[in-house]
Protein chains: 2
Amino acid sequence: MKELEDRIQRDGQVMAGGILKVDSFVNHQVDAGLMDRCGKAFAERFAELGATKVLTAEISGIAPALTTALHLGIPVVYARKSKPITMPDQVYLTLAPSHTKGRTVELIISPEYLAHGEKVLIIDDFLASGATILGLIRLAEAAGAKVVGVGALIEKTFEGGREALGKLGLPVVSLTAISSMDGGRIVFSGH
Amino acid sequence: MKELEDRIQRDGQVMAGGILKVDSFVNHQVDAGLMDRCGKAFAERFAELGATKVLTAEISGIAPALTTALHLGIPVVYARKSKPITMPDQVYLTLAPSHTKGRTVELIISPEYLAHGEKVLIIDDFLASGATILGLIRLAEAAGAKVVGVGALIEKTFEGGREALGKLGLPVVSLTAISSMDGGRIVFSGH
């Protein structure tokens with residue numbers, strides 16, 4: 001997606017430890033119009049899959065997942081990283097290492113909102129190592145739901161996420177794919 | 001907003017401690033279409049204020065704040081509750097007691113995304129005691145920004161939030177207002 005590539009090139013910042021900071025339009029501050037166009041792009045790419053629910057992880061997946069759900073006309077569920085008091089005692093919980101947090105985080109979904117037989121489209125901001133998305137897939141499977149596709153705003157192709165997801169045979173769509181950030185220079189795949 | 005009232009009446013659950021659980025359409029699972037219509041309603045109500053940015057608090061404020069920002073054509077900033085590694089060392093930070101978490105939480109904004117002179121519209125899911133919204137107002141003031149309005153999906157009129165905000169002289173808009181949840185029965189103002 002050209003618009004998102006251009007925005008990353010202009011406003012993304014490569015930080016120490018291979019972190020791409022996109023806090024000015026995806027994470028801390030969100031460009032709502034851009035997120036809406038990204039959600040529309042995901043909805044078009046995944047329109048044929050018959051998804052009944054979008055699944056993401058709080059916090060930074062919420063914006064693109066919400067706009068995708070809006071364009072598909074289905075609800076979105078975001079996995080919580082801590083259990084709120086409104087959640088029942090019996091939950092689906094998995095652990096996933098977080099690159100940006102430098103520790104393992106919990107991903108928790110209430111059985112109330114993910115049912116056996118649902119078709120789940122997973123949307124997140126980044127596809128890097130794939131650890132968060134694999135965690136969401138485990139949660140969906142625990143609920144007896146079927147994951148039908150995976151979408152990410154930004155793929156870092158050099159962190160192995162696509163390979164980690166590969167054996168599942170799912171359609172994996174990234175709106176932008178970064179093949180290198182060496183020396184602080186962002187290079188997109190195919191450029 | 002009749003649609004939101006009806007949904008709360010149908011799917012909201014009154015829990016112990018005066019908590020209204022709306023996890024099936026606002027918090028854990030989000031009805032994207034409903035959130036879009038709520039955002040449109042806020043945008044219409046606040047259209048004349050010339051807001052340059054929507055401000056909310058992660059996590060549950062993000063959905064209505066994002067759709068409001070989308071309909072106003074401006075960005076949204078969500079205050080973080082923990083400082084990510086992408087955030088600079090010097091931040092705006094305030095403390096706010098959280099009713100649902102039963103403890104005080106930090107609200108943190110990077111000075112990169114809230115500037116002197118900005119006109120800020122605050123949107124959140126609940127207006128209860130007003131503690132979170134007052135925290136967001138303190139952050140905006142610390143940045144030299146001007147808060148021009150406050151919107152909430154659900155006001156609990158018996159928890160004093162509107163009175164706490166009253167002395168600031170801001171327009172405060174709630175799409176639904178609950179005057180009582182005694183005995184588990186949800187009563188809306190004016191009904």
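Predicted model: local features only at pLDDT ≥ 70, side-chain atom pairs only at ≥ 80, totals over all residues.
Me: Why is the pair A:R37 and A:E3 called a salt bridge?

Reply: The closest N and O atoms of A:R37 and A:E3 are 2.6 Å apart. The cut-off is 4 Å between a side-chain nitrogen of Lys or Arg and a carboxyl oxygen of Asp or Glu, so the pair qualifies. A:R37 belongs to helix α2 (residues 32–45) of chain A and A:E3 to helix α1 (residues 2–11) of chain A.

Me: What makes A:R37 and A:E3 partly exposed?

Reply: The relative accessible area is 39% for A:R37 and 32% for A:E3. Partly exposed covers the values between under 20% (buried) and over 50% (exposed), so both residues fall in that class.

Me: What makes A:R7, A:R10, A:D11 and A:D31 one network?

Reply: These four residues are joined by salt bridges that share partners. Over all chains, the count of salt bridges comes to 23. In general, side chains of opposite charge can pair when their charged atoms come close.

Me: How many disulfides does a search of the whole structure find?

Reply: The search finds 0 disulfides over all chains. A pair of cysteine sulfur atoms would have to lie within 2.5 Å to be counted. As for individual cysteines, A:C38 is buried at 0% relative accessibility, and B:C38 is likewise buried at 0%.

Me: How do you know that a two-fold axis relates chain B to chain A?

Reply: Chain B is superposed on chain A by a rotation of 180 degrees with 0.0 Å of shift along the axis, at an RMSD of 0.0 Å. That is the relation of a two-fold axis. In chain B, the C-alpha nearest the axis belongs to B:I59, at 3.2 Å from it.

Me: Why are the copies said to meet through the same surface?

Reply: Of the interface residues of chain B, 100% are also interface residues in chain A, so the copies meet through the same surface.

Me: What places the buried residues of α1(A) on the same side of the helix?

Reply: The buried residues of α1(A) are A:L4, A:E5, A:R7 and A:I8. They cover an arc of only 165 degrees around the axis, which puts them on the same side of α1(A). An α-helix has 3.6 residues a turn, so residues three or four places apart point the same way. The face turned away from the buried side of α1(A) carries the exposed residues A:K2 and A:R10. Among the elements of chain A that cover the buried residues of α1(A) are β2 (19–21), α2 and β9 (146–156).

Methods: Residues numbered from 1 in each chain as written. Chains lettered and ligands numbered in written order. Heavy atoms only, no water. Helix = DSSP H or I, 4+ residues; strand = E, 2+ residues; numbered from the N terminus. Buried < 20%, exposed > 50% of the residue type's maximum accessible area, 1.4 Å probe, protein only. Least-squares fit on C-alpha atoms with pLDDT ≥ 70 in both. Contact = heavy atoms within 4.5 Å. Arc of directions from axis to C-beta.
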